[in-house]
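This report goes through a protein model part by part. Keep the sequence and the 3D view at hand while reading.

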Amino acid sequence: MDAAQEARNREAFRQAVVNTLERRLFYVPSFKIYRGVAGLYDYGPPGCAVKSNVLAFWRQHFVLEENMLEVDCPCVTPEVVLKASGHVDKFTDLMVKDEKTGTYYRADHLLKDFCKEKLERDPNITAEKAAEFRHVLAVLDDLSAEELGAKIKDYGITAPDTKNPLSAPYPFNLMFQTSIGPSGLSRGYMRPETAQGIFVNFKDLYYYNGNKLPFAAAQIGQAFRNEISPRQGLLRVREFTLAEIEHFVDPEDKSHPKFSEVSNLEFLMFPREDQVSGLSARRIHIGEAVSEGIVNNETLGYFIGRVYLFLTHLGIDKERLRFRQHLANEMAHYATDCWDAEIECSYGWIECVGIADRSAYDLRAHTEKSGVPLVAAEKFSEPREVEKLVITPVKKELGLAFKGNQKMVTEALELVLSSSFPEFSGDSVVHCGVLTDMLFLGTSIGKRYARTDELGVPLAITVDSTSSVTLRERDSKQQIRVNVEEVASVVKEVTDGFSTWADMLWKYPTHSSSASED
Amino acid sequence: MAAVAAAAVVNREAFRQAVVNTLERRLFYLPSFKIYRGVAGLYDYGPPGCAVKSNVLAFWRQHFVLEENMLEVDCPCVTPEVVLKASGHVDKFTDLMVKDEKTGTCYRADHLLKDFCKEKLEKDLKITEEKASEFKHVLAVLDDLSAEELGTKIKEYGITAPDTKNPLSAPYPFNLMFQTSIGPSGLSCGYMRPETAQGIFVNFKDLYYYNGNKLPFAAAQIGQAFRNEISPRQGLLRVREFTLAEIEHFVDPEDKSHPKFSEVENLEFLMFPRQDQVSGKSARIIRIGEAVSEGIVNNETLGYFIGRVYLFLTYLGIDKDRLRFRQHLANEIAHYATDCWDAEIECSYGWIECVGIADRSAYDLRAHTEKSGVPLVAAEKFAEPREVEKLVITPVKKELGLAFKANQKMVVEALEAMEEKDAMDMKSTLESKGEAEFYVCTLGKVVTIKKNMVTISREKKKEHQRVFTPSVIEPSFGIGRIIYCLYEHSFYTRPSKDGDEQLNVFRFPPLVAPIKCTVFPLVQNQQYEEVAKRIAKSLTAAGISYKIDITGTSIGKRYARTDELGVPLAITVDSTSTVTLRERDSKQQIRVSVEEVATIVKEVTDGLNTWNDMLWKYPTHSAAATED
């Protein structure tokens, strides 16, 4: 099948899914009666139920299982916090403007679309050109404003809606800005991630944990990104729910006591080396990945394994789930290692969970900005004699040599040492959950089944006598007869996962479906 | 009199300080961004506070959403201006503010006036009877005062800026929504939602369809809401960001009965009807069934929700003697609302509004219908088509245009909007006199309508359905306020064993408790720690949240520590076969086997059995040996 045909199939499939989701109110564009706002969506009743099931399971699987400290911080965040974290200066996307209408576009998206379009739809393209476009797609995230601008000019890319010329790319900060209090002097932002609320509380949380490492804090909450031109439906939105874990650990000991519980898991991984040398993702045993140094440390490996279990328990297809390591150019300079759980869908491979060892970057940044030391201490049972590096800048000489720059030079020489930790963050991923709904309508039983199947309801009870009823499983469409008194507990056993449908098939008489299915 | 009031204030403040200290020390909550000296009105929930909050929300979902089959939705916080323009928030969601004329610090005008009057009443011993009643009057009408009236009072009393004693500006309105800009253009103004309700209203059409085009039904939403307070105070009670849980129950305005009303009608609790407030009486215990049948509460659906809210709050552990339902006075209630009751909880700050239960009539749906042009209506299909006489008003635009020029549109709209009676009056006047006087409110004047400008008639029509805008009954819960009041109602202190210090306890019901159970090995040894781990595993399997404390501190200290977190049960491992189970409030202990203990804890915390049942069933254990 050629690339164009494949793209059409993917789009048709997506359209079928999206139509069902919108028609059954899993989600709807927000403020629809006012023609909506791009990138804002509502979850309707079934979507809301799926989301709350996913979050409840997340809490069970991570927070309760690992005794994490859950916190709940506000979305409104004062500027100083996000200045320290780097978001005020660096949380930007490059934007271009239609020079006549003033409509904005993401510069990288236009370039990406152009290259993809050429590769997928232009049959006359030379092999050389094709290789060039592929290269552009591969390095897209690395291009500077100037490089992007040059490519856009080079290819003669114009505004997609009007074909007007475009401005040069310039950075746009993606945080929603606001003002706290009535004075207009105190600037704030809607948080772009929930993690900062945890970092600034490190001292209190460390104390709460009995001044012991390692420990993890977790937070579920709304985060915001003022996208330039949102697209890809629910995948790129302006407001979303994040569930983040910050696991704080001694940088000298990143082992994990429960690593053995996941070390035998095998799944698709895509290490940096393989990406660079053009190989595909392959199945790797997580224990090996850690022992061979593909994954930097046990704690990182433990969380990769736990994320795999989380996603597959939810119903994500393990064949379309891979853990991709960040390339050297994708990773922040301070990070030790970073893996994304990517899930394949009609839009391609989508980053859904990021698992990063961020070293001591964030705590150091807040220590510096606030002047409050966010550090941990390991008490020795016996005092130890150590040789210690002592750096004493001679301010007088430095002052003479560097004048106005003296302070910066002094600080660079002194650079504090503190604790280190990896961070785990994840977008919530949505799949099928459990709903109960009563249907009293007089439509045919076949239609009613179709309606509940479309909501993903696993079991349906048809009341066709006063003593026993028919219980039908969604995917196999198999039916069994159960008496009225027992049926609730049978449904509970299956939906709670204590028994499987196969157990029930064996235990109860099957029911011929020909009579009732239509 | 003033002296007694002053003493009560001192006591209240000391009590509050004790609660707040415990809450902050144990990380139930803490000021947000503390290392940067914080932001007024923003708080974080730490681990136990977060657990309490999620227990309260889970119970809310159970008690309201699941019990009534409500349609839960989840809408964004970022809201475009047009939505909040329609709802009235852009124009009217304001507080009056005064500014310190030298430093520029802003204060809420009504707070300054309120503080001044309260201070005088509570602390000034020389105040005259007359002055006292004047201050009391000001406090009573505080919410009604206009900007001018507030300004006059502030001048008259010589009120100055509390921090600097500088003079104050005249009061002026400040919009309480956090404003932002959606997208990169800077042209699309947005706000952080001040309530979650609007997200439900704008989805009415889809939700009605989802419900099979049937009324009544309710939609619900839990989510963050925002208020850019001028000068937040009162700790967790007045904050800039908070969790709301709101229900919008849509009902036919002609039938507000509720099929399940009989389930709550026999509940009795403190109510404070409008009449009683005006005539200076106190709140009294009323049976909700009577309140509805006597017309004190406007309708059954409103009464049903009042009863359900009462059950919700008392199950959580709110003291029923410090909970009352107060009806809004005529001057408090929005002009469109039919009736409104607040669940108020008494705490050290006084009676605090925690839940509002309002019959908002058709106001919100109509406002969005008008602004968006999408009819948000319901239809009742008739089994048989009905013949109805209908008023038909047809303005003759040509004639009206000639007579009123630019004002034509306003006149046409006013004519079309006439009520049945006014229209029939006009018809007869036009027939007898050839013209009629007509007041056009959008022009603010009376115009003359001539016979050739409008035809008015009654026509018989067959109708197959009745189309109407549903009424909305809205219970709206301030989750943070409920939780703070719950903290105060649950807190008490008791002397330690040796009597030399006061220990803090939260008597949370198991439903709310952040942790259900703690496990202590009596002394640090490997055997006991292994038993503790075995018990921990069985607690996990039973789905009970627990905490193990293996520090070597005395068992008395460890009990004190878990009591302060409100943990209802503690297991002390003092042998390898049986353990001691202790209840928090009574401090009574029983001996149970290691195998059984998780099941017993589960039964008690799930409410299947009480602690008393267990006392009767298992041998009690003398506390003397372990408590210290």
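## Terms and basis

A residue is called buried when its relative accessible area is under 20%, exposed when it is over 50%, and partly exposed in between (1.4 Å probe, protein chains only). By that definition B:Arg108 is buried, because its relative accessible area is 9%.

This is a predicted model, in which local features need pLDDT of at least 70 and side-chain atom pairs count only at pLDDT 80 or more, while totals for chains, interfaces and linings use all residues. Residues are numbered from 1 along each chain as its sequence is written, chains are lettered from A and ligands numbered from 1 in the order in which they are written, and side-chain values use heavy atoms, with hydrogens and water left out.

## Chain B as a whole

Chain B has 628 residues, and 53% of them count as buried. Its C-alpha trace spans about 105 × 70 × 55 Å along the principal axes. The secondary structure of chain B consists of 21 helices and 28 strands; helices (H or I, at least four residues) and strands (E, at least two) are DSSP runs, numbered from the N terminus.

B:Thr79 is buried, because its relative accessible area is 4%. Between the C-alpha atoms of B:Thr79 and B:Pro171 the separation is 28 Å, and the two residues are 92 residues apart along the chain.

## Annotated domains

An unreviewed UniProt entry gives the annotation "domain: Aminoacyl-transfer RNA synthetases class-II family profile" for residues 17-495 of chain B. That span is 35% helix and 30% strand, with its end C-alpha atoms 18 Å apart.

For chain A, UniProt (unreviewed entry) places the feature "domain: Aminoacyl-transfer RNA synthetases class-II family profile" at residues 15-344. Residues 15-344 of chain A are 36% helix and 22% strand, and the end C-alpha atoms lie 16 Å apart. UniProt positions are given in the numbering used here, feature names are shortened, and annotations may be inferred rather than shown by experiment.

## Salt bridges

Side chains of opposite charge can pair when their charged atoms come close. A salt bridge is counted when a side-chain nitrogen of Lys or Arg is within 4 Å of a carboxyl oxygen of Asp or Glu. How many salt bridges are there over all chains by this rule? The count comes to 75.

In chain B, B:Glu229 and B:Arg108 form a salt bridge, with the closest N and O atoms 3.8 Å apart. This pair links distant parts of the chain, 121 residues apart: B:Glu229 is in the loop between strand S10 (217-226) and strand S11 (241-251), and B:Arg108 is in strand S6 (residues 106-108). B:Glu229 counts as buried because its relative accessible area is 2%. In chain A, salt bridges that share partners join A:Asp93, A:Arg106, A:Asp108, A:Arg225, A:Glu227 and A:Arg236 into one network.

Two further pairs also belong to chain A. A:Arg324 and A:Glu330 meet through their side chains in a salt bridge of 2.7 Å, N to O. Is A:Arg324 buried or exposed? A:Arg324 is buried, because its relative accessible area is 12%, whereas A:Glu330 is partly exposed at 29% relative accessibility. A:Asp496 forms a salt bridge with A:Lys492, and their closest N and O atoms are 2.7 Å apart. A:Asp496 is partly exposed, because its relative accessibility is 40%.
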